[in-house]
Structures are given as C-alpha cells and as structure tokens.
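The following exercises concern a single structure. Please work through each task before reading its solution.

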Amino acid sequence: MKRIAQTIVFWGVMLALWEMAVAYFKVQSYLMPPPSAIFRAAWEVHPQMLADTWVTTVEVLTGFVAAVAGGLVIGVVISYSAFARRTLYPLVTALQSMPKIALAPLMIVWFGYGFASKLASTFLFAFFPVVVATMGGLASVARNLDEHFRALGASPWDTFWRLYLPAALPAFADGLKIAMPLAVIGAIVGEFIGSEEGLGHLIVFASAAARTDVMFAAILMVTLLAVVLYWVIERLARFVWWRGINV
Amino acid sequence: MSTVTKTVTQLHATRLAGEPGPAGEATAAAAQPQGAMIEVRHIDKTFAGKQRNASPIRILDDVSLSIADREFVSILGASGCGKSTLLRIVAGLVPHDGGEVRVAGQRVSRPVPEIGVVFQTSNMLPWLTVRQNLLLGTRLRKIPKETSEPRVSALLEMLGLAQFADHHPHELSGGMRQRASIGQILALEPKVLLMDEPFGALDALTRDNLNVELLRIWQEHRQTVLLVTHSIEEAVFLSDRVIVMSARPGKIEQEVVIDLPRPRSPQTIKQHPRYAGYIAQLSQLMGVY
C-alpha cells in the first residue's frame with residue numbers, strides 16, 4: 001500500500017509542477033497544454049476517442065496475430081528447409097533491413113484507406129522479430145537432447161513437437177514481446193499515412209486543427225494501449241518459464 | 001558363503017566358451033564367439049574434418065568385440081581414444097566406415113528398440129515433470145499407457161524418486177537427475193544398455209552411490225551392459241570384463257576378465273585379494289602408475 005502511495009504522490013507532484021510551470025512561464029497552450037487542459041480535452045472528445053481506440057486495438061490485435069502465425073510458420077520453414085534458407089531467407093533479411101515505414105504508403109495504394117492497409121502495415125512491423133525469434137529458439141536446442149531423441153527412436157514429427165517446439169518457446173515469447181509494441185507502431189503509422197478513423201487519425205486530425213490538448217490525450221491513449229497489450233504478452237510469456245534451464 | 005559361490009558359478013555359466021578362467025589373465029581381443037548379444041566386427045571410423053584442408057582423422061581402427069547376453073562389459077580408455085564414438089556406433093547414432101555391428105542378431109545402422117542409451121548429460125526435458133520425463137521414451141516408442149504408467153511408477157519407487165515424481169528436473173540434485181535418466185531408459189526395458197560415462201559429471205561420492213545402485217538394478221534385470229568409462233575403479237567394480245582401448249587411432253589394446261564374486265559392494269570388493277591386482281594391471285595398461 002505504501003509503495004502504491006509513493007507512486008501516486010510522485011506523479012501527482014510531477015503533474016502539479018507541470019501545471020504550475022505552464023502557467024508561470026505563460027507557455028502557449030498549442031505548444032504545451034497544462035495537464036488540466038489535456039484532461040478536459042480528453043473528456044470533451046471521449047466518445048470519438050474511445051471509438052478510435054477500439055478501431056486501433058482491433059487493427060493491432062489482428063495484425064499481431066497474423067504476424068505471429070506467419071512468423072512462426074516462416075521461421076519453422078526456414079529452420080528446417082535448406083531450400084527455404086537459400087531462397088526465402090535472403091528475402092526475409094532484405095525486407096527486415098528495409099525501413100518498414102517506407103512501405104506504409106504502398107500499403108495504402110494497394111489496400112486502400114480502410115482496415116486492410118492497417119492490417120498489412122501492422123503485420124509488416126511485427127512479422128520479422130517473430131521470424132528471427134522462432135529461428136533462434138529452434139537453433140538453441142541442445143545437441144545432446146537431439147541425440148537423446150534420436151537414440152529413443154523419435155520420429156521427426158515427435159522430435160519437433162515434443163523437443164524443438166517447447167525448447168523454442170522462451171525465445172519465441174521474447175520475440176512476441178518485441179513484436180507487440182511494433183504492432184502498435186505499425187497500426188499508428190498506417191493511420192498516419194491515410195485513414196478515416198483510429199488513434200493515429202485522431203492525432204493527425206488534432207494536429208491539423210491546432211488542438212495540441214487533444215493530441216496529447218490521443219498520445220496518452222496510444223501509450224496506455226501499448227502498455228496494456230505489452231503487459232498481457234508479458235503475463236502470457238510467464239507460462240514458458242524454462243528459459244535457460246539446462247537439466 | 002554359499003550364495004557367493006552360487007553367484008560365481010552363475011557368472012561362469014554366462015561366460016562364453018574359449019574365455020580364460022584364471023584370474024588376472026589378460027587376453028588379446030580375438031575370439032569371436034557366435035550368438036553374442038553385441039557383436040562388433042572390424043569397425044573402422046574416420047572423421048573427414050569440416051575444413052577443406054583438414055586431414056582426415058582415424059578414430060577407430062579395426063575394432064572387434066563380442067559381448068554375451070547378460071554380460072557387463074566396460075570399455076576403459078583415456079579421453080579421445082574413440083570409446084564414445086564406438087558406443088555411438090553400436091547405438092546406431094553414428095555411421096561407421098568398415099565392418100559390421102549386430103545387436104541381438106540384427107544389423108544396426110540406426111537406433112533400434114532393443115538398445116537403451118544413457119548419456120553423461122541427464123537429458124531431462126525441463127518443461128516436463130520427472131514422471132513425464134520417464135514416460136517420454138515410452139510415448140516415443142508407442143508403448144501403451146496401460147503398460148508404461150505402472151512401469152514408470154514402479155521405477156520411480158525403485159529409484160527413490162517417488163517423492164519427486166511431480167517435480168520438475170531443475171528441482172532435483174544432479175545425482176537424482178541422472179538416476180531419473182536411467183529410469184527413463186529402463187522404462188523401455190531394453191535388452192541392451194549402452195552407457196557413456198553416465199556418472200562422469202557427478203562428484204565422487206554420488207558417483208560411488210549410483211554405481212552401487214546401478215549394480216543392484218543390473219542384478220535384478222540382467223540387461224547386457226556396455227559401459228564407457230575412464231575410471232579404473234568403476235570399471236573393476238561393475239564389470240565382468242574390461243576392454244582397454246588405446247588412442248589415435250582407437251584400437252582395442254587388451255581385455256581383462258574381472259573374476260570377482262557377485263553381488264558386489266564397495267566394502268567387500270576392495271578387500272578381495274584379487275582386487276588390487278586388477279587395479280594395478282589396468283593402471284599399467286592405461287599407462288598410469
């Protein structure tokens with residue numbers, strides 16, 4: 001209880017200092033609105049902002065799930081197939097090195113202003129860390145365990161399902177932790193380039209309308225969304241607790 | 001006294017004709033009796049080396065050995081003599097160049113169900129409980145649950161692991177983990193146990209205790225055992241026969257029949273009049289004085 005109180009008091013003091021500093025130095029509200037103005041703006045636009053939050057959340061989650069599924073499959077295929085390693089892997093590496101943000105306008109051209117282009121953009125941002133994490137996890141399986149499974153006469157399928165996949169899970173979970181914030185970035189970037197709804201759209205709209213207080217409210221909302229989603233992944237990752245345990 | 005005599009008689013009965021009787025006599029590995037459980041004939045092995053210019057290394061050179069059903073044989077050699085490679089070839093894990101390996105009459109070119117291999121590392125899967133780890137091999141070998149589950153419960157009891165059955169391996173000591181990995185192999189009831197320095201990573205005290213336990217298990221089930229070790233005392237304590245290998249290329253130098261009564265215990269064995277002789281003889285063969 002005392003620890004929570006410390007956190008609350010600290011941030012309360014910080015907000016109060018911010019409020020007083022803005023008033024004391026007479027900072028223009030469009031440059032740096034005081035916290036009170038941000039909360040007022042948030043209340044004012046909250047029906048719109050909640051609808052936008054929902055839109056962005058759906059984009060992030062669908063794109064993330066697609067990226068995780070696709071990244072897992074591609075990671076496994078590249079790990080197991082020498083052919084895929086020679087053909088697919090260079091493409092994956094090249095795409096990963098490319099700034100994904102440069103592709104976002106192309107996604108709008110291809111998939112339009114709606115949901116599909118945001119899904120594509122989110123997917124692009126979150127996909128590669130999952131591929132790399134899956135490959136790293138599969139490559140981390142100890143040689144002695146592989147030999148043990150061979151000695152036990154395990155089929156390739158059993159070896160994958162009972163050894164390689166569970167052994168790769170901790171690294172895979174690390175990949176998800178990297179991919180989740182990137183998925184949020186992907187959705188917001190997609191909305192920046194061209195959209196009619198979503199928190200990214202709200203930020204761009206507030207900027208055009210010189211409503212810095214609304215912009216701050218939207219940014220806080222994006223941050224809150226990213227933190228909550230990351231926390232969920234963090235919780236789920238605790239189910240794979242056998243990271244670094246060699247027995 | 002009579003039980004000891006009986007065990008010795010049994011021991012001689014399981015031995016093959018043509019083997020020497022007198023204690024402490026070393027013989028060259030030449031005799032190839034028929035109908036052995038493990039039959040290795042003229043095995044060669046050369047590692048090519050990964051680098052293009054690396055000269056190939058001869059690991060094993062014309063190795064032949066024959067192990068009877070229910071016999072406990074140790075391969076003794078310095079590290080790098082190819083004894084682990086030989087064991088892996090017998091297990092069907094590593095291909096060999098020349099010659100032939102037969103286990104229970106069958107040619108071995110890949111792992112077969114008759115063979116169970118215990119490695120130096122305990123090879124438990126950290127995400128499974130001890131019981132699930134013991135069941136793992138039976139699942140992989142498609143042994144029905146009705147058979148495997150009671151068998152594993154009995155093994156856990158026998159190995160003193162019943163209390164830890166539902167714990168994860170990292171909660172166990174190194175010795176208990178190694179016991180569990182032996183249990184994992186015993187759950188498959190293999191005819192042949194191949195062991196590659198199974199207690200090599202453990203401290204001396206734990207190692208001695210587990211050797212006693214290994215003998216107890218073997219006396220009950222009487223699998224054919226081929227054990228690879230670099231410990232002379234361990235080899236003498238456990239084996240019916242010790243095969244000494246020399247290195248580069250790995251060759252069978254000599255073999256020594258350990259004519260000591262069973263059941264053996266660390267106390268009785270060390271007091272036996274022939275014990276010191278075996279140790280001295282093997283030390284000399286290994287080049288340790």
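**Exercise 1.** How are α3(B) and α4(B) oriented to each other?

*Solution.* The model is predicted: local features need pLDDT of at least 70 and side-chain atom pairs count only at pLDDT 80 or more, while totals for chains, interfaces and linings use all residues. Residues are numbered from 1 along each chain as its sequence is written, chains are lettered from A and ligands numbered from 1 in the order in which they are written, and side-chain values use heavy atoms, with hydrogens and water left out.

Step 1. Identify the elements: α3 of chain B spans residues 130-140, and α4 of chain B spans residues 145-158. Helices are DSSP runs (H or I, at least four residues), strands likewise (E, at least two), numbered from the N terminus.

Step 2. Take the geometry: the two helices pack at an angle of about 135 degrees, with their axes 10 Å apart. Axes are lines fitted to C-alpha atoms, for helices over the stretch in contact, and angles run from 0 to 180 degrees between N-to-C directions.

Step 3. Classify: angles under 35 degrees are roughly parallel, over 145 roughly antiparallel, 65 to 115 roughly perpendicular and the rest oblique. α3(B) and α4(B) are therefore oblique to each other.

**Exercise 2.** Describe the residues by which α3(B) meets α4(B).

**Exercise 3.** Is helix α2 of chain B largely enclosed or open?

*Solution.* Step 1. Of the nine residues of α2(B) (residues 83-91), eight are buried, with buried meaning under 20% relative accessible area, exposed over 50% and partly exposed in between (1.4 Å probe, protein chains only). Among them are B:Leu86, B:Leu87, B:Ile89 and B:Val90, as well as B:Lys83 and B:Arg88.

Step 1. The helix is therefore largely enclosed by the rest of the structure. Just after α2(B), B:Gly92 takes a positive phi of about 80 degrees.

**Exercise 4.** What does A:Tyr230 contact beyond its neighbours within four places in sequence?

*Solution.* Step 1. A:Tyr230 lies in helix α10 (residues 212-237) of chain A and is partly exposed, with a relative accessible area of 33%.

Step 1. The contacts are A:Lys177, A:Met180 and A:Pro181.

Terms used. Contact = heavy atoms within 4.5 Å.
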